[in-house]
Amino acid sequence: MALTVPSRPRGAGARAPASGAGSSAARRPGELPPVHAALICVALPGLAISAQDGQLTGQGLEGFYQSGRRLLSRCQLRIAGREPVALQGRLVSAGRARFLSVVRTAADSGPDPEISVERMRSADGTERITLHSAAGRALRLSVEIALGTDLADLGAVAAGRAGPELSASVHDSGMRWATATAQTVVTADPSPEDALASAGLLCWEMELEPGGSRSIELRIRSDRPSRPPAHSGSHPLSPAQAEGDDPRAPSLLAAALDDLRALLVRDPRHPADMYPVAGVPWRCGFAPAEMIWAARMTLPLGTRLAASVLRTLARTQLPGPGPDTGRVPGPLRDSGPHLPPACSGMEATLLLPTLLAEARRWGMPEQEVAELLPAAERAMNWLRTAAGEDGLLPDAGPGGFCRSETQAHAHRAALLGAELLQECGRPGSDAWREWAGALRRRFQADFWVEDRGGGRPAVARTTEGQLVAHLGSGVAHLLDTGLLGAGRVAQGLLDKVQTEQLARLLGGPAMDSGWGLRSLGTKEPGYNPFGHRGGAVRVHESAVAVAGLAAAGYEREASSLLRGVLDAADAFGHRLPEMYAGEQRTGSGVPLPHPAACRPAAVAAAAGIQLLTTLAGIRPDAPAGTVALHPVSCAPLGAIRLSGLRVAGEPFTVRVSRLGLGMVEEAAGGLQLGV
């Protein structure tokens, strides 16, 4: 489901109209219609996007989509000649929405409506409309459903270039629309009593007995072949559950799992392998960095998704000979107001050996590790080739900047990759440790900006040696050092004093918005609370910061960020968007949505899982048969129990008390509790 849509703007975008699904007018290059108020059902390759009232008007993004094409843009219901009065629209799962409304008729004798309407809409292309009567007499009501479509691709719809509505023809028990390359058919059960092709109108006369109900089911189908849905088979993530003092934890974990399942697609050439797309509605194509981050953050739920993602990415590594041999290709992405776009493929390449090494600790079978080890070695060989003579890894994109977070990814890949090579009997581990040590010394000396506040890590270094000193969330990756054997956390690029200063900065008011970590500090030039890398809260990097701060022992800062994101999740119905505004939290406020944010988004859903599992501090070493617990001792959510996790291929349950003490309740036989 590879979609071509305008690139995301840095700023806030346009104001949403009342419908919440955007305007259909042509847009400026780079502008996206607002989607923050839309209800989006997802079960890829299917989507259904609508406003809160459930009516599909043909405006903006509204409609049923399959594999990136809008099959139906208009589905407007009228009963007794009137539109129903919308009462409520909400998601009941990632792939289903429920809309409730009432209908006033001329026969109503008072202020109380007697007819209620329920619309159950599914992303797979079905909708069931049910009329319920509370009247004490039989009613005869006319029901009309007006349908229409443009069969446009989502990219064209997003850009305001969908084109006119197509002419319909009566087909079987519904309507049909067709172009030279595509068609869609909507069928109704029961069959309509009348159909008017020129208006796309299906009509019924329905008898409702006192207290009775009648239903109409619509089914939308296309002739375009689609990938088999990833949710049709076994799920690669364990159905984990949370319980405890804080009622938000179970809801967040359930919603995150539901969203991730909905975002999974199968590799069309290797359907046994699946991976998550980045997010809906804009990023339903192949996104290497996002899929590998999602797989890494969900390792506590098993290694099957990690293995599938690693196999998929290994097939994309560039072949040799040449300097790019082993690199995973990926698109450039915006880096905010102070840096040029970065190559997401470089990030995915550096995460490849990291994910394999950590997945082995969590219990990936040794046979799978052996099959994937050559891909990790190719990625590490690319790293050695791409690094400059000074040992730093420059951007593959314009400018040749050496970014702090890129050096953090490279350092982690070298250390975890070295241990992986050593334990798998492969050569080169000592050389990689030496390389990582040289990078660490160079970074501590050349990437630290001294100031009266105690200093800060530079976000990047130019080819001339100048430091880019603004404070952004990318430096949180310096705390994400990776998991080694025996429950050890790998050494990072910063020394102890620098780590303490970074923790202070990330926990300060310039970065901690009260809803999570801002992507750019409030005191920095170019700060914009809606800038997706210029001030907005990015859930993924908030979770990276929480896990890194907790592992380094800075629990106060970690707990503040964690509670902020959980409060935001509660305001968003536990379906976290990829980002939201970095406005400072006030006593009675709620987080402001970003109008163009993907929701659901793979890394946001995976971040919700990581936030909760960070509380338990699980550090497994399946090859050694041990697991260590390092829970957050201040217990910011009170007591919590996580069940249905997986360590060493078996169910794993852990409990953290209100005193911050961890206890394993269920684990694989023979797994020993380490220190």
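**Reading strands, burial and salt bridges**

Author: Let's begin at Thr 653, which is found in strand β33, residues 650-656. The model here is predicted, with local features needing pLDDT of at least 70 and side-chain atom pairs counting only at pLDDT 80 or more, while totals for chains, interfaces and linings use all residues. Residues are numbered from 1 along each chain as its sequence is written, and side-chain values use heavy atoms, leaving out hydrogens and water.

Reader: How should I read the strand labels?

Author: Helices (H or I, at least four residues) and strands (E, at least two) are DSSP runs, numbered from the N terminus.

Reader: Is Thr 653 buried or exposed?

Author: Buried means under 20% relative accessible area, exposed means over 50%, and partly exposed lies in between (1.4 Å probe, protein chains only). Thr 653 has a relative accessible area of 2%, so Thr 653 is buried.

Reader: Which residues does Thr 653 touch?

Author: A contact means heavy atoms within 4.5 Å. Leaving aside residues up to four places away in sequence, Thr 653 touches Arg 641, Leu 642, Ser 643, Gly 644, Met 663, Val 664, Glu 665 and Glu 666.

Reader: How many salt bridges does the count come to?

Author: The count comes to 44 salt bridges. One of these joins Asp 150 and Arg 70, whose closest N and O atoms are 2.5 Å apart. Asp 150 sits in the loop between β11 (139-148) and α1 (154-158), and Arg 70 in strand β5 (residues 69-72), so this pair ties together parts that are 80 residues apart in sequence. Asp 150 counts as buried at 11% relative accessibility, and Arg 70 counts as buried at 2%.

Reader: What about a pair between helices?

Author: Take Glu 368 and Arg 311, whose side chains meet in a salt bridge at 3.2 Å, N to O. Glu 368 belongs to helix α6 (residues 366-386) and Arg 311 to helix α4 (residues 304-314), so parts that are 57 residues apart in sequence are tied together. Glu 368 is partly exposed at 22%, as is Arg 311 at 25%.

Reader: Now for sheets. What is the strand order in the open sheet of 3 strands?

Author: Strands of a sheet pair through backbone hydrogen bonds, either parallel or antiparallel. By the rule used here, two strands pair if DSSP finds at least two bridges between them. In this open sheet the order is β30-β31-β35, with mixed pairing. The edge strands, β30 (618-621) and β35 (672-673), each pair on one side only.

Reader: In which sense do β30 and β31 pair?

Author: They pair in the antiparallel sense over 4 bridges, whereas β31 (residues 626-629) and β35 pair in the parallel sense over 2 bridges. Follow Thr 626 to see both sides: Thr 626 is the bridge partner of Asp 621, and Thr 626 also stands opposite Gln 672 in β35.

Reader: Which residue takes a positive phi in the hairpin of β30 and β31?

Author: That is Gly 625, with a phi near 75 degrees; the hairpin has 4 residues between the strands.

Notes
Salt bridge = Lys/Arg side-chain N within 4 Å of Asp/Glu carboxyl O.
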